[in-house]
Amino acid sequence: MVEQDTTDAMRDGMKRAAAEAALEYVAPDSVIGVGTGSTAEHFIDALGSSEIPLEGAVPSSDATAHALAARGIRVLTLEEGPRPEVYVDGADEADPELRLIKGAGGALTREKVVANASRAFVCICDESKLVDALGAVPVPVEVVPMAVPFVASMIEGLGGRPRLREDFTTDNGNRILDVEGLSLTDPLAIELALDAVPGVVENGVFAMRPADIVLAGARDGVRTIRAKTGDGEDV
Ligand code: 5RP
């Protein structure tokens with residue numbers, strides 16, 4: 001148990017280091033988008049402690065909106081603000097092409113909207129999220145409540161094993177199916193296939209809009225990974 005605690009603490013330190021490195025991508029007086037989860041929380045902390053003035057931030061969840069406001073950062077919506085210059089968010093998995101699986105926190109729909117609305121997407125994570133191929137974690141799928149049984153049967157037809165996330169409702173009033181067993185050899189194809197099922201609001205595969213840069217906290221520093229090459233360098 002002591003060993004596990006140490007590992008968790010180290011991983012959290014790596015997340016914090018990646019989050020702090022993301023400040024470099026925040027332009028003064030700009031509008032930014034901010035994601036959801038423990039790594040995004042580290043980013044919000046770093047932002048609040050920084051001297052960087054902002055026009056405001058578009059949150060990807062109610063929790064992030066509260067966290068931003070608590071640190072005195074102006075919360076904007078996409079309706080009232082210009083497009084964010086950069087979107088900063090965590091991930092559950094990232095492959096060498098910077099395609100992601102997101103949504104363990106259940107905020108995947110707003111995350112995907114803000115990521116797509118932003119000019120650049122900086123993903124922050126610890127190195128355990130870097131994978132050669134997506135698919136070890138379940139793919140979260142946000143579903144309109146009355147459509148859950150139908151969508152679950154359609155997902156089974158795609159080869160997936162859906163499990164309803166218990167006692168969880170999204171910020172949009174919907175449910176989440178966590179899906180194991182899907183073939184993710186073509187992430188874009190499965191992203192589109194899931195979204196084509198009536199009743200699906202969005203899914204957690206980010207292949208159509210991958211990250212532009214992944215900042216991955218590691219034991220020896222923060223690796224910067226850019227799309228296509230997958231080459232790493234220290235920051
Ligand atoms: C929430 C997400 C998170 O970004 C993802 O689950 C990573 O979370 P964490 O930073 O806590 O590891 O997609 O919906």
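## Briefing: ligand site and surface residues

Leu188 belongs to helix α6, which spans residues 187-195. The model described here is predicted.

**Leu188**

- The relative accessible area of Leu188 is 35%, and this residue is therefore classed as partly exposed, since that class lies between the limits of 20% and 50%.
- Between Leu188 and Gly56 there are 132 residues of separation in sequence, and their C-alpha atoms are 32 Å apart in space.

**The ligand and its surroundings**

- The ligand is surrounded by 17 residues, of which Ser38, Thr39, Asp92, Gly103 and Lys129 are the closest.
- Sorted by class, this shell consists of eight polar, six charged and three nonpolar residues.
- Thr39 places a polar side-chain atom 2.5 Å from an oxygen atom of the ligand.
- In the side chain of Lys129, an N or O atom is 2.7 Å from an oxygen atom of the ligand.
- Gly103 contributes through its backbone, where an N or O atom lies 2.8 Å from an oxygen atom of the ligand.
- The ligand taken alone exposes 380 Å², and the protein buries 92% of that area.

**A nonpolar patch on the surface**

- Val144, Met146 and Val201 make up a nonpolar surface patch, and their accessible area together is about 270 Å².
- Met146 is located in the loop that runs between strand β7 (139-143) and helix α5 (148-157).
- Met146 has a relative accessible area of 72% and is therefore classed as exposed, a class that requires over 50%.

Terms used: Residues numbered from 1 in each chain as written. Predicted model: local features only at pLDDT ≥ 70, side-chain atom pairs only at ≥ 80, totals over all residues. Heavy atoms only, no water. Near = heavy atom within 4 Å. Polar contact = N/O pair within 3.5 Å; in protein donor to acceptor, adjacent residues only side chain to side chain. Areas by Shrake-Rupley, 256 points an atom, 1.4 Å probe, with all protein chains shown as cover. Nonpolar A, V, L, I, M, F, W, Y, C, P; charged D, E, K, R; others polar. Patch = residues over 30% accessible without salt bridge, like charges linked within 9 Å, V, L, I, M, F, W, Y side chains within 5 Å. Salt bridge = Lys/Arg side-chain N within 4 Å of Asp/Glu carboxyl O. Helix = DSSP H or I, 4+ residues; strand = E, 2+ residues; numbered from the N terminus. Buried < 20%, exposed > 50% of the residue type's maximum accessible area, 1.4 Å probe, protein only.
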